[in-house]
Amino acid sequence: MGSRKRALRSALEASSVDLLSYLRRRTDSDEAPDLLGETFVVAWRRLDDLPEEPEQARMWLFGIARGVLLNHARGVHRRWALADRLRGHAVLAPVTAPPADEHLDVRDAISRLEPDMAELVRLVHWDGFTITDATQVMGIPASTARGRYQRAKELLRVALDPAVAP
């Protein structure tokens, strides 16, 4: 086995649990193992792009997982759009509220952020990445991430405590 293949195998083994957790927090937990498998396939296809430094390889894998998630979300969106077109203007029964959850207000506030802001907040607070590491996963400049993160914190502060509103 070549050295690049060994390096990728080592990176995958070292990061697979964290990658699966990352995917589970962002999608249906039943879909997460399939998305992890797809992440592995993409990583093997892009073997020549694997960074040599282990931490950089880890960030590279999270970047691939993020791309897999985005592709998955686009597919889900297309399926829902098709279902909506097929349903036409049928009236659906009202959706009941989910059971009370102590963190539902936070998750709801995060979900109302712009997608890139929400992802940055999730990477930092759910996955424990530094902003610098999150920039590598998201493929954005550090200055962009810092600005988005500050703006996201302001928006979340207002959303979670209306008394803070300017």
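Colleague: How many residues apart are Glu55 and Arg58 in helix H3?

Modeller: This is a predicted model. Glu55 and Arg58 are three residues apart in helix H3 (residues 54-87), so about one helical turn separates them.

Colleague: What do their side chains form?

Modeller: They form a salt bridge, with the closest N and O atoms of Glu55 and Arg58 3.8 Å apart.

Colleague: Is Arg58 buried or exposed?

Modeller: Arg58 counts as buried because its relative accessibility is 18%, and buried means under 20%. Glu55 is partly exposed, with a relative accessible area of 34%.

Colleague: How many salt bridges are there by this rule?

Modeller: The count comes to 11.

Colleague: Let us turn to helix H1. What span should its 24 residues have?

Modeller: Helix H1 covers residues 3-26, and at 1.5 Å a residue it should span 34 Å. The C-alpha atoms at its ends are 33 Å apart, which agrees with that expectation.

Colleague: Where does H1 bend?

Modeller: The bend is at Ser15 and amounts to about 55°.

Colleague: Which residues of H1 are buried?

Modeller: They are Leu8, Ala11, Leu12, Ser15, Leu19, Leu20, Tyr22, Leu23 and Arg26. Ser15, where the helix bends, is therefore one of the buried residues.

Colleague: Which side chain meets Glu13 in a salt bridge?

Modeller: That of Arg9, at 3.5 Å from N to O. Glu13 and Arg9 are four residues apart in helix H1, so they too are separated by about one helical turn.

Colleague: And is Glu13 buried or exposed?

Modeller: Glu13 counts as exposed, at 55% relative accessibility. Arg9 is partly exposed, with a relative accessible area of 44%.

Colleague: Back to Arg26. Which side chain does it meet in a salt bridge?

Modeller: The side chain of Arg26 meets that of Asp127, with an N to O distance of 2.6 Å. Arg26 is in helix H1 and Asp127 in the loop between helix H5 (115-125) and helix H6 (131-138), so the pair ties together parts that are 101 residues apart in sequence.

Colleague: Is Asp127 buried or exposed?

Modeller: Asp127 is buried, with a relative accessible area of 16%. Arg26 also counts as buried, at 18% relative accessibility.

Colleague: Which residues are linked with this pair in a network of salt bridges?

Modeller: Arg25 and Glu119 are linked in a network with Arg26 and Asp127.

Key:
Residues numbered from 1 in each chain as written. Predicted model: local features only at pLDDT ≥ 70, side-chain atom pairs only at ≥ 80, totals over all residues. Heavy atoms only, no water. Helix = DSSP H or I, 4+ residues; strand = E, 2+ residues; numbered from the N terminus. Expected span 1.5 Å × (residues − 1). Bend = angle between axes of the 7 residues up to and from the residue. Buried < 20%, exposed > 50% of the residue type's maximum accessible area, 1.4 Å probe, protein only. Salt bridge = Lys/Arg side-chain N within 4 Å of Asp/Glu carboxyl O.
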